[in-house]
Amino acid sequence: MEWFSEIIKLGAPAMMPIIFFILALIFGVKLGNAFKSAMLVGIGFEGINLVVNLLLNSVGPAAQSMVTRFHLKLTVLDVGWPTASQIAWSSSLVPFVVVGAIAIDFLLVVLNLTKTVNLDIFNFWLLLLPGCMIFTATGNMVISVIASLLLFVLALKIGDWTAPKIQTCYNMQGVAFPHATCSAYVPIGIAVNYLIEKTPGLKKIDLNPEKISSKLGILGDSLFLSSVLGALLGLLAGWNAGQILLLAVEMAAVMKLLPFMVGIVIDGVNIVRSAAEEKLKKHFPNREFYIGMDTALLIGEPTILATGLLLIPCTLLLAMILPGNKMLPFTDLGSIVFLISMVAPFCKKNMFRIFITGLFVVTIALYGGTVLAPLYTKAAAMSGVTLPSSVNGAQIGNLVSPYDAPFGWAIIEIFTKLFN
């Protein structure tokens with residue numbers, strides 16, 4: 001599996017073209033078009049990575065400046081999802097979970113128990129991490145692999161269930177998002193939307209960027225909104241005027257560039273999707289199929305990005321006031337946007353409803369990170385992961401992760417209590 005680990009380290013821009021090129025040939029796409037599909041997907045993901053890194057490298061320092069400025073002192077340090085990914089991919093569970101997940105997906109597709117062919121192999125770390133933590137607690141390899149694969153099946157089913165609404169909302173045909181972290185928060189978005197619909201006054205609040213723009217003109221434009229939010233973060237961070245201006249421009253750039261990058265990926269995906277649909281329907285007539293992708297394709301939506309930026313200072317405030325919370329949001333603050341990426345269609349693209357959902361989402365993540373910090377810290381040590389110097393012996397966690405999302409957290413608690 002050493003060759004596989006090396007490819008994994010290259011990330012989605014390297015992995016996805018390989019996967020799509022092979023799939024394109026399998027589904028009968030001509031060599032030239034197969035190469036075109038692979039390169040479009042690779043170029044798109046490279047572009048998405050560049051823009052997301054711009055987002056994280058801009059918002060991250062501002063968020064960390066806020067932590068320092070507000071003198072937040074909590075005992076569980078958020079070291080970020082890249083550390084979580086490293087813990088997962090360093091685990092001895094890797095070959096069993098990866099092969100098992102691919103085999104289960106194939107079997108469920110054949111048996112018509114899922115519509116999703118999941119190509120988001122890079123994000124298999126989302127399945128591996130809860131399994132790693134269970135293995136750390138129990139020492140039972142079989143149970144740990146079963147737990148990871150159970151989480152995979154849950155993510156697939158939610159990917160199927162959410163796909164039609166997400167496709168319509170984002171104008172993305174034939175894709176699904178079996179994401180083990182983001183999908184777990186969709187039921188919360190549905191519950192919040194239902195409660196607001198039943199609450200007089202609140203149900204009339206409609207902060208939809210398109211409607212705001214039609215009423216306020218340039219003041220409601222997504223570029224204006226993102227730049228204002230960027231400037232607000234800079235002010236809260238205590239930065240000088242030049243830094244605030246740069247952050248405002250960078251947030252507007254992210255808002256403008258991400259949809260273009262996503263469009264390139266979708267162009268590449270559609271080549272394979274059309275060929276796959278045609279070939280699969282010969283063997284499985286009257287069936288619909290989705291291609292499972294990363295939620296990075298969703299965060300370019302203005303509603304999601306703007307709400308994610310609003311949630312950053314609110315998450316810091318929640319960390320300070322929630323009783324019993326010990327997690328210090330830090331490295332993953334800029335990644336909060338991912339946690340709400342799948343809820344927008346179920347909250348009518350209403351920023352108010354998504355924001356309220358987001359408050360519940362980060363509250364769950366903070367408490368989950370607090371409760372599971374000892375086990376997460378031990379799993380990191382067992383995986384031999386080198387932690388940032390800022391940790392300095394403290395317990396660790398991360399805000400944007402499957403282990404402190406509802407399904408992952410529940411699976412860890414159940415399996416460790418049953419088999420420890």
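**Notebook: a surface patch and the core**

I began with a nonpolar surface patch of about 490 Å², made by Phe106, Leu107, Val110, Leu111 and Leu113. Patch residues have over 30% relative accessible area and no salt bridge, and nonpolar side chains (Val, Leu, Ile, Met, Phe, Trp, Tyr) are joined within 5 Å. A salt bridge is a side-chain nitrogen of Lys or Arg within 4 Å of a carboxyl oxygen of Asp or Glu. Areas come from the Shrake-Rupley method with a 1.4 Å probe.

I noted that this is a predicted model: local features need pLDDT of at least 70, and side-chain atom pairs count only at pLDDT 80 or more, while totals for chains, interfaces and linings use all residues. Residues are numbered from 1 along each chain, and side-chain values use heavy atoms, without hydrogens and water.

Next I looked up Leu113. Leu113 sits in the loop between helix H5 (94-110) and strand S2 (116-118). Helices (H or I, at least four residues) and strands (E, at least two) are DSSP runs. Leu113 is partly exposed, at 43% relative accessible area. Buried means under 20%, exposed over 50%, partly exposed in between.

Then I turned inward. Of the 420 residues in the protein chain, 55% count as buried. The largest nonpolar core has 137 residues, and Met293 and Leu297 touch the most other members. Helix H11 (residues 241-283) gives the most to this core, 14 residues. A core joins buried Ala, Val, Leu, Ile, Met, Phe, Trp, Tyr and Cys residues through side-chain atoms within 4.5 Å.

Last, I checked Leu297. Beyond its neighbours within four places in sequence, Leu297 contacts Phe45, Ile48, Met172, Phe177, Val262, Val265 and Ile266. Contact means heavy atoms within 4.5 Å.

Notes. Patches are made of residues with over 30% relative accessible area and no salt bridge: like charges are joined within 9 Å, nonpolar side chains (Val, Leu, Ile, Met, Phe, Trp, Tyr) within 5 Å. Buried means under 20% relative accessible area, exposed over 50%, partly exposed in between (1.4 Å probe, protein chains only).
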